[in-house]
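Here is a short walk through a two-chain model, written to be read with the viewer open. Take a moment to turn the structure around before reading on.

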Amino acid sequence: MTGTVRLAPGASPAPADPATRDALVGLLLTMADDEFVSGFTDSEWTGIAPLLEEDVAISSISQDELGHARALYQLLAGVLDDGRDEDAIAYDREPDEYRHARLLDHERGDWASTIARRFLYELADEARLGSIGAGWPPLADLVGKLRREERYHRMHLVAWINRLATGGTDPRQRLEAALAELGPDATSVFTPLAGEQALIDAGVLTRSMADAEAAWRADLTTILVPLGLPLPPANSPAADGRTGHSAAFRWLWTEFTTVRHSEDGATW
Amino acid sequence: MVTAAPRPADRTVTRADVLAILEAVADPEIPTVSIVDLGMVLDVRRDTDGIAVELLPTFVGCPAQEVIRASVIDALAPLGEPVDVQFTWREPWTSDRISDRGRARLAASGFAPPAAPEDVRCPYCASDRVAMDSAFGPTQCRSLFYCRACRQPFEAFKPI
């Protein structure tokens, strides 16, 4: 018994249909890797955020995201049932094996860049969480819980988008520059999943990633357009939106695997 | 320290015995409020395999979970039966699960119980002249407030 909290054995049994199972593995891995990488990227602000309250806020949000990643990796470990626990899945992969979206491959950047990235991702994640059906109860149960927490992240980010957009020339220009840089990668969160139709047929998903993207774009429109800010370009997600990671991610990977690599199998 | 036997030897452990013990197990970040009053105990089962306790994490990533699990196991150890403690998402924990006694104890400890921001009252002077400084506080479950009446910063539980 290691020192981590785990779900009851058999709490996330794999779906019987092999096609659904394989597609579910892909869905859980992308969701978990997105939360994991965004959580680690933003935890880099701890101690150096622009304001004390924001230092606490971004640290708390990062802690939430890492907790969400861990819960998702636990579900994935149950489905894979290959002897790996959530820590092994999270830390014992090579950089090219991570499946987070290209939007999250960017370096932390300045505060406006962090807010723009988090904003685009958080609303995309919300659209994705809103696409999870009751077809696989372990995920449906967890998502019900996650959505309650993500509400606070959304409030925080929408407030910051407003503040930067209306807070004077410099913050506005920084926000516009960040949205211009990140916008083309934003749809990568909705990269089509292998076996997506099987997940829809099984009720694990209630709609395609393309439909989730449309919902996200409508949501973004209500916030960005009144502020005179541009929507991300309506490019279809590239097929490689979750592979081929950046130098920035490779640096982050070295950071977040440091403790794991310093003593294999260590527990707190 | 020698612990007195928690029950007469001539009767079996009941669910009520277990719950009574759990009334004394606290969240390490809020030592005055038990996990029962926080609404974290979803189910207690007593069967031939021993005692099974199902707990609801307040926040998915709360780092106190393992400490709480270990505390439950330690507290139930004197019963001399196998104890299985699991966390579950089967039902989402919400701040509405905190009991009235839990809310009163939170306030007595300087934490405003969960409420919509406009309904938060200062836990020290009960004033409504309070302002939220930040939705995020030192733990995942708390926000930062300031009381303009008694000029005290305080923390409030997030309604979730």
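## Reading the fold of chain B

Helices (H or I, at least four residues) and strands (E, at least two) are taken here as DSSP runs, numbered from the N terminus. With that in hand, chain B of this predicted model reads α-β-β-β-β-α-β-α-β-β-β-β along its sequence. That gives three helices and nine strands in chain B.

For its overall dimensions, the C-alpha atoms of chain B fill a box of roughly 60 × 30 × 25 Å along the principal axes. Of the 160 residues in chain B, 37% are buried. Contacts across the sequence are worth a look too: among those in chain B between residues at least 6 apart, 52% join residues at least 24 apart.

## Two domains in chain B

How many residues of domain 1 of chain B are in contact with domain 2 of chain B? Seven residues of domain 1 of chain B take part, and they meet six residues of domain 2 of chain B. On the domain 1 side of this contact in chain B, three residues are nonpolar, three are polar and one is charged.

## Helix α2 of chain B

Now find helix α2 of chain B, which covers residues 65–76.

Which residues of α2(B) are buried? They are Q65(B), I68(B), V72(B) and L76(B). Looking down the axis of α2(B), these buried residues fall within an arc of 65 degrees, so they line one face of the helix. As for their neighbours, the buried residues of α2(B) pack against α1 (15–22), β1 (26–27), β4 (50–55) and β5 (83–87) of chain B.

## A hairpin in chain B

One of those packing partners, β1(B), also belongs to a hairpin: two residues connect β1(B) to β2(B). Strand β2 of chain B spans residues 30–34, and β1(B) pairs with β2(B) in the antiparallel sense over two bridges. To locate the pairing in the viewer, look for D27(B), which stands opposite I30(B) in β2(B).

## An open sheet in chain B

Further along chain B, four strands form an open sheet with mixed pairing, in the order β6-β9-β8-β7. Its edge strands are β6 (111–112) and β7 (130–134) of chain B, each of which pairs on one side only.

What is the partner of β6(B)? Strand β6(B) runs parallel to strand β9 (residues 152–157) of chain B, and two bridges join them. In this pairing, F111(B) has E155(B) in β9(B) as its bridge partner.

## Where chain A meets chain B

Finally, turn to the contact between the chains. Here 27 residues of chain A are in contact with 22 residues of chain B. On the chain A side, α2 (52–80) and α5 (137–166) each supply at least two residues. The greatest contribution to this side of chain A comes from α2(A), with 12 residues. Sorted by class, the side of chain A that touches chain B has 12 nonpolar, eight polar and seven charged residues.

How values were computed
Residues numbered from 1 in each chain as written. Chains lettered and ligands numbered in written order. Predicted model: local features only at pLDDT ≥ 70, side-chain atom pairs only at ≥ 80, totals over all residues. Pairing = 2+ DSSP bridges. Nonpolar A, V, L, I, M, F, W, Y, C, P; charged D, E, K, R; others polar. Expected span 1.5 Å × (residues − 1). Buried ≥ 20, exposed ≤ 12 C-beta atoms within 10 Å, placed from the backbone. Arc of directions from axis to C-beta.
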